[in-house]
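The sequence and structure are shown first.

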2 protein chains.
Amino acid sequence: MTTQTALADLQTLPVPPEVLALDARDPLAHKRGDFLLPEGVIYLDGNSLGALSRRVAARVRGVTEQEWGEALIGSWTLGAAQGRDWMALPDRVAAKIARLIGAQPDEVAVGDSTSVNTFKALAAALGVAPPERRVLLTDADNFPTDLYVAQGLSALLDGRFELRRVPAGEVGAHLGADVAAVLLTQVDYRTGRCLDLAAISAQARAAGVLTVWDLAHSAGAFPVELNAAGADFAVGCGYKYLNGGPGAPAFLYVARRHHDRAPVALSGWMGHADPFEMARDYVPAPGARRFVTGTPMVLSLSALDAALDAFADVDLQVLRAKSLALTDAFIGWLDPACARLSLELVTPRGHHERGSQVSYRHPQAREVMAELIAAGLVGDFRTPDILRFGLTPLYHSFADVYRAARGVQTILEARA
Amino acid sequence: MTTQTALADLQTLPVPPEVLALDARDPLAHKRGDFLLPEGVIYLDGNSLGALSRRVAARVRGVTEQEWGEALIGSWTLGAAQGRDWMALPDRVAAKIARLIGAQPDEVAVGDSTSVNTFKALAAALGVAPPERRVLLTDADNFPTDLYVAQGLSALLDGRFELRRVPAGEVGAHLGADVAAVLLTQVDYRTGRCLDLAAISAQARAAGVLTVWDLAHSAGAFPVELNAAGADFAVGCGYKYLNGGPGAPAFLYVARRHHDRAPVALSGWMGHADPFEMARDYVPAPGARRFVTGTPMVLSLSALDAALDAFADVDLQVLRAKSLALTDAFIGWLDPACARLSLELVTPRGHHERGSQVSYRHPQAREVMAELIAAGLVGDFRTPDILRFGLTPLYHSFADVYRAARGVQTILEARA
């Protein structure tokens, strides 16, 4: 009962002046007003499902009730001259994502899930790798769907390549002459550990190995520089830091130098050079558009399109600086209590090794997170013992993070 | 000017009593009120994009503003005991579609585009076919994306099978001992010609050939009986007769006898037996759920879920009877004028050979359709010379169809 009582006041818990001062100086503080966050909750799970914004809610109503309901089939081509037609919607969204990941608009294809895009990326990478290189290397602890997709493709290709899983820290040592490509997730979904994309891409390139990066916890969380790093392929998620809505369309990056050689395994009519010509043979559209497969899910894709506008006036270096300041603050506020409360920080303290989340090990992590959520402090649990808190610089204040740190401490003290 | 004037009155054109009598007797007449059709338009393009219904508009707002905006990540599991959670959403939609296609709920997987599902179906079919059968047979005039997907898979598998394209009428003669599977679209998107799914499935089975049916223009247009026909695999579209919204998720049917042997080429975490166990190895979920790949696009999938409720109280035989009566009436009303107006009916007159659309050839089809659409009579043009009119028994009245036939005649007479 003490816990519940203490946490009932979490939203209004007094915040020290030095924390309020951080918010007063925050150049992104005004963005929070764009988001429709529920009352009575501190939501630290934007790394699993980003929050709804006003512009997205309005856009979903508009696309449903006017674009679909009123204009019906006409919306596929309406406004084509201004690039406002549904046919060009994947390209418009691609251009917005390109800026966030350091790519050119024609290097990004939007649509389908991250899993399906991982399949496309791997098939494309293996298709351009020299035939004598037959190993697909990956982190043994990669996000499960990356591993499953690689397994499925490996089985489909009937042994044409071998899936080799090694600890993330040993990937560099395994970039041998038999390796075609390496599939890595930049930010570990459990620990928030961020790999050095530029260094690993350079190392792989030097070894003749193609890189396939999963940016699920990177895009929209901090600037990614794919072109600058010389990365080959990448995929990423629309529903985490991009705030595109549950199951939002994902994206695929294909470096321009691979466009003409990389095979399009999932070759559908929306990636055809002229879909309505209804030609019998597949002729790929220019650039990464060829990797758009079927008809885009317009409702979900429109939500993502509108969500991305939240980034339009955001300097990504400022976004990163705030993300680091938020995660530093959270870690710092909890540090003194960790040992006493059986919390073990598993997120790296070094800035260059950290994404935009903070994770702790706790022996009763599952029960603790259930209790936190019941009290209105929403993070998530990841098996076997991880408490995960996503800090999103677009809609979190330092006051939120202060109260969250206090809330965690209160819950754990009540259990101790 | 004469044309425009005549068509300005199209919506209020007097309808003869015998046509009104047809509407008075229509057991599905009440369904029309569910749909939010725009004013001033007769919409005969539901075979390209089905119309918005009230329940879908309400559901999209609810899922966006409450389920996502308010409950956020909790919606993935909220209401799981009642099967109302997002995790089970693909299964709920699958069960509703199963009824429309003569399948069991566990034989249907929902999500991804029709193109992606075609890839899954073909990979699964080729995976269970005897290895000595190396030909994938298809209609040379199949819907382009089916051909493109087959080409992409063929290239990916590096010649492990040959794609053989023959005229639809000759498929039967090509079901040889070297054929692994046959990919056919039941209803031709240009002509509306409907293949005999039961007869062809039986013939294929007798020849040891697996069937992969594309039901894009079948599901929701008339009853399909996949299990009764002994069909092996099928895919279909959520945004045509199912009215699920632009680019709505598609579906995949896998007959139960193939579940344990058919490979899951696109093996993602949402098709895993226990997604949140985060296991390193892919273990398929029971039944067709294993073919669900990545995180479902919840906004689009919820729209489809709500749209399918329009069928809940509909007897599919009644739906078919009305569809045939509508297409018969449209054909009958235009018949006397066809020769004079250079219209050539390309939709079969035989009921068992017809889907739920009526198509004509016309030498200036593209210009004629543009004129019809400008006048508020929305069908569509398909290259090179097809005027296509989709008649949807859930929201069309006989009065609509009468006025549409008169409208087509008026426009063409003005050009003659």
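## Buried cysteines

A residue counts as buried when its relative accessible area is under 20%, calculated with a 1.4 Å probe on protein chains only. In this predicted model, Cys338(B) has a relative accessibility of 9% and therefore falls in the buried class, and Cys237(A), with 2%, is likewise counted as buried.

A search of the whole structure, taken over all chains, returns 0 disulfides. Cys237(A) accordingly takes part in no disulfide, and the cysteine sulfur nearest to that residue, belonging to Cys194(A), lies 16 Å away.

## Extent of the interface

Contact between the chains involves 78 residues of chain B and 78 residues of chain A. Together the two chains bury about 6500 Å², and 67% of this area is on carbon and sulfur atoms. On the side of chain B, Trp68(B), Tyr148(B) and Met297(B) supply 12% of the area buried against chain A, more than any other three residues.

## Polar and charged pairing

Between chain B and chain A there are 4 salt bridges. A salt bridge joins the side chains of Asp281(B) and Arg165(A), with an N to O distance of 2.9 Å.

The elements of chain B that give two or more residues to the side touching chain A are α3 (54–68), α5 (114–128), α6 (144–156) and α9 (298–308); α6(B) gives the most, with 9 residues. By residue class, that side of chain B comprises 44 nonpolar, 21 polar and 13 charged residues.

Terms used
Residues numbered from 1 in each chain as written. Chains lettered and ligands numbered in written order. Predicted model: local features only at pLDDT ≥ 70, side-chain atom pairs only at ≥ 80, totals over all residues. Heavy atoms only, no water. Contact = heavy atoms within 4.5 Å. Buried area = accessible area lost by both parts, 1.4 Å probe. Helix = DSSP H or I, 4+ residues; strand = E, 2+ residues; numbered from the N terminus. Nonpolar A, V, L, I, M, F, W, Y, C, P; charged D, E, K, R; others polar. Disulfide = S-S within 2.5 Å. Buried < 20%, exposed > 50% of the residue type's maximum accessible area, 1.4 Å probe, protein only.
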